[in-house]
Amino acid sequence: MLLKPRKPLEPGLKQTLRPAPEPAYCAFCRNALAAPPRLRGPTDLHGAVCPRCAATYIADPTGKQGGEALMTALRIMADGDDDRAMGLREGIDYDSRVLAWSESSNEVDPSLDATRYGVGRLWFFRARGLADA
Ligand SMILES: [Zn+2]
């Protein structure tokens with residue numbers, strides 16, 4: 001039996017280019033963001049508020065502090081009121097997003113899965129009722 005010539009690769013089946021890392025930006029409004037400073041209080045976390053849309057962003061350089069980042073952001077959104085913080089519900093009172101992020105370069109990498117444990121990331125939390133940018 002004769003071997004047929006190999007079917008040429010479909011021209012439309014090009015390998016998609018990986019999106020390149022970019023300087024850190026807000027996951028809600030895409031405003032450029034400086035590397036967040038260390039937060040005040042009993043925490044090692046770094047975080048800040050987006051100056052354009054008021055989203056709270058928290059750095060999680062090891063990708064292992066998502067729970068702590070969430071609790072800290074809730075407290076910030078509730079102005080330090082723990083009872084109010086505990087009552088905030090995602091999708092009702094606030095929205096959250098996450099971007100893979102490198103602490104050393106302060107760049108986000110859209111090609112990485114930021115939800116994977118151990119991937120450095122920036123967490124974003126924005127209270128509903130804040131104006132959309
Ligand atoms: Zn923003």
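**View 1. Six strands make an open sheet in the order β1-β5-β4-β6-β3-β2, with antiparallel pairing.** The edge strands, β1 (22-23) and β2, each pair on one side only. Packed on the sheet is α1, which touches β2, β3, β4 and β6. The direction of α1 makes about 155° with that of β3. This is a predicted model: local features need pLDDT of at least 70, side-chain atom pairs count only at pLDDT 80 or more, and totals for chains, interfaces and linings use all residues. Residues are numbered from 1 along each chain as its sequence is written. Helices (H or I, at least four residues) and strands (E, at least two) are DSSP runs, numbered from the N terminus. Strands pair if DSSP finds at least two bridges between them. Contact requires C-beta atoms, placed from the backbone, within 7 Å. Axes are lines fitted to C-alpha atoms, for helices over the stretch in contact; angles run from 0 to 180 degrees between N-to-C directions.

**View 2. β1 meets β5 (residues 107-108) at two antiparallel bridges.** P23 has E107 of β5 as its bridge partner. On β5, V108 stands opposite W101.

**View 3. Seven bridges pair β4 with β6 in the antiparallel sense.** A127 in β6 is the bridge partner of Y94.

**View 4. Helix α1 spans residues 66-77.** Its twelve residues reach 16 Å from first C-alpha to last. That is close to the 16 Å expected at 1.5 Å a residue (1.5 Å times one less than the number of residues). Just after α1, D79 takes a positive phi of about 55°.

**View 5. A69, T72, A73, L74, R75 and M77 are the buried residues shown in α1.** A residue is buried if 20 or more other C-beta atoms lie within 10 Å of its own, exposed if 12 or fewer, and partly exposed in between; C-beta atoms are placed from the backbone. The cover over these buried residues includes β2 (47-49), β3 (56-60), α2 (82-87), β4 (94-102) and β6 (121-127).

**View 6. M71 is found in helix α1.** M71 counts as partly exposed because it has 17 C-beta neighbours inside 10 Å. The C-alpha atoms of M71 and A85 are separated by 7.9 Å. Along the chain, M71 and A85 are 14 residues apart.

Technical notes. Two residues are in contact if their C-beta atoms, placed from the backbone, lie within 7 Å.
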